[in-house]
Amino acid sequence: MANNVKKVWASGKAVVNAWLAIPSGFSAEVIAQCGFDSVTVDMQHGVQDYQSMVQCFQAMNGHPVTPMVRVPWNEPGIIGKVLDGGAYGVICPMINTKAEAENFVAYCKYPPRGTRSNGPIRSGMYGSAGAYQETANAETLCIPMMETKTAVENMESILDVDGIAGVYVGPSDLGLSYGLVPKLDREEPEILKIYEKLVKECGKRGIYPGIHCSGAVGATRAINMGFKLVTLSNESGLMATYAKMQIAQTRKDSNGKA
């Protein structure tokens with residue numbers, strides 16, 4: 001079970017990630033054909049559940065994207081279940097301490113590294129019978145989210161945890177924790193300084209920093225800052241943005257007839 005995200009990182013490039021909030025296999029199928037490197041099903045703030053996650057994975061199967069999930073919380077039941085369902089990467093919110101990061105990795109990995117229970121009901125289809133367990137610890141990605149002041153204060157100790165592939169910034173919650181308005185593409189000097197340090201510390205450890213963006217402008221800027229995984233909004237946001245643009249253009253060009 002080769003993980004395409006790891007291949008992109010090994011090439012030195014940044015991963016361009018999609019985000020699925022809509023519980024629809026058809027939406028997932030459309031997004032999977034758009035050129036993204038990976039597609040993440042959002043089970044935290046999206047309108048997704050486990051059944052819709054599986055449907056999204058089934059719809060994406062056969063397209064060259066890596067299926068990932070943002071779980072609702074750092075809890076072993078759901079983390080093991082999304083991995084059993086076929087996730088190649090798990091993004092976990094609100095990891096604030098080294099201990100929480102250690103627990104997250106343990107939930108993701110089979111013994112002896114972790115405590116994940118055996119039962120890869122769908123993930124086993126990605127390799128021959130029995131082979132999945134031999135490679136899962138190396139190929140599945142543990143990506144804790146850094147999105148609070150506490151997490152920033154514990155940055156080095158979190159990044160030192162063996163088994164994490166990188167860290168994912170949630171800019172809105174990070175801003176909130178510093179008394180700022182929630183938004184994605186941040187420009188405040190104090191936040192940019194955090195980003196700069198995070199990219200540097202990840203580079204020291206050979207792991208990969210990721211971040212949630214509102215679109216191409218923010219994603220390009222993040223890549224140029226050194227981020228190695230960028231998310232272009234979510235599919236509902238992309239749909240709404242393009243629809244609004246088309247409506248505005250239609251009204252503008254119809255000389256008051258619409």
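Predicted model: local features only at pLDDT ≥ 70, side-chain atom pairs only at ≥ 80, totals over all residues.

So, cavities to begin with: the structure holds one of 30 Å³ or more. On terms, we put a 1 Å grid over the protein atoms alone; a cavity is a set of points where a 1.4 Å probe fits but cannot get out, a pocket is an open set with protein on both sides within 12 Å along at least five of seven lines, and lining residues have an atom within 4 Å of a point. Grid points are joined across faces, edges and corners, and a volume is the space filled by probe spheres set on the points.

Residues are numbered from 1 along each chain as its sequence is written, and side-chain values use heavy atoms, with hydrogens and water left out.

Back to the largest cavity, which has about 80 Å³ of space. Which element gives the most to its lining? That's helix 11, with four residues; strand 7 (208-213) and helix 11 (216-225) each supply at least two. Helices (H or I, at least four residues) and strands (E, at least two) are DSSP runs, numbered from the N terminus. The lining splits into seven nonpolar, two polar and three charged residues. For that count, Ala, Val, Leu, Ile, Met, Phe, Trp, Tyr, Cys and Pro are nonpolar, Asp, Glu, Lys and Arg are charged, and the others, Gly among them, are polar.

Tyr195 is one of the lining residues, and so are Arg186, Ile211, Met225 and Phe227. Tyr195 sits in helix 10 (residues 189-205), and it counts as buried because its relative accessibility is 2%. Buried here means under 20% relative accessible area, exposed over 50%, partly exposed in between (1.4 Å probe, protein chains only). Leaving out residues up to four places away in sequence, Tyr195 touches Val169, Pro171, Leu174, Arg186, Ile211, Met225 and Phe227, with contact meaning heavy atoms within 4.5 Å.

Now the largest pocket: about 210 Å³ of space. It has 13 lining residues, and Asn61, His63, Val65, Thr66 and Pro67 are the closest to its centre. Helix 3 (50-60) and strand 3 (66-70) are the elements giving two or more residues to that lining. By class we get eight nonpolar, five polar and no charged residues.

Next, the packing. The largest nonpolar core has 57 residues, and Met53, Val69, Val82, Leu198 and Phe227 have the most contacts inside it. Helix 3 gives the most to this core, with seven residues. Apart from it lies another core, of 13 residues, including Val8 and Leu141. A nonpolar core is a set of buried Ala, Val, Leu, Ile, Met, Phe, Trp, Tyr and Cys residues joined through side-chain atoms within 4.5 Å.

Beyond its neighbours within four places in sequence, Val82 is in contact with residues including Met53, Val69 and Val71. Val71 lies in the loop between strand 3 and helix 4, and at 0% relative accessibility it counts as buried.

One last check, on helix 12 (residues 235-253): at 1.5 Å a residue, its 19 residues should span 27 Å, and its end C-alpha atoms are 27 Å apart, which agrees. The expected span is 1.5 Å times one less than the number of residues. Just after helix 12, Asn255 takes a positive phi of about 55°.
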